[in-house]
Amino acid sequence: PDLILLDVMMPDGDGGEVAAQIADDPEIGDTTVMFLTAAIKGSEVGSQGAACIGGRFYIAKPVQIDDLVQYIDDRLACSA
């Protein structure tokens, strides 16, 4: 995949742990990972609704689909 969207809080795990497993996988380790989560507030990611925190890209829920598509497009453009 070009990009994987993960939530931070999942029923049987943690998005950070899944992201670490992805990073360790030789086949998909270079895949861009973005977190789409309610675990952070819009105020934590600023007026843009998204931010890079600790080397990870976070999008605060709720998010409008047009904004989500734009975040994905921007992120993929940066990693190309």
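1. Let's start with T31, which sits in the loop between α1 and β4. (Helices are DSSP runs of H or I with at least four residues, strands are E runs of at least two, and both are numbered from the N terminus.) A quick word on the model: it is predicted, so local features need pLDDT of at least 70 and side-chain atom pairs pLDDT 80 or more, while totals for chains, interfaces and linings use all residues. Residues are numbered from 1 along each chain as its sequence is written, and side-chain values use heavy atoms, leaving out hydrogens and water.

2. Is T31 buried or exposed? T31 is buried, at a relative accessible area of 12%; buried means under 20%, exposed over 50%, and partly exposed in between, with a 1.4 Å probe and protein chains only.

3. Look at who T31 touches: leaving aside neighbours within four places in sequence, T31 is in contact (heavy atoms within 4.5 Å) with P1, D2, L3 and I4.

4. Now the rings. Phe, Tyr and Trp rings (six-membered ring for Trp) pair if their centres lie within 6.5 Å; planes under 30 degrees apart are stacked, over 60 edge-to-face, and the rest tilted. That rule gives 1 aromatic pair. The F35 and Y58 ring centres are 5.1 Å apart with planes at 20°, so this pair is stacked. Because F35 is in strand β4 (residues 32–37) and Y58 in strand β6 (residues 56–60), the pair ties together parts 23 residues apart in sequence.
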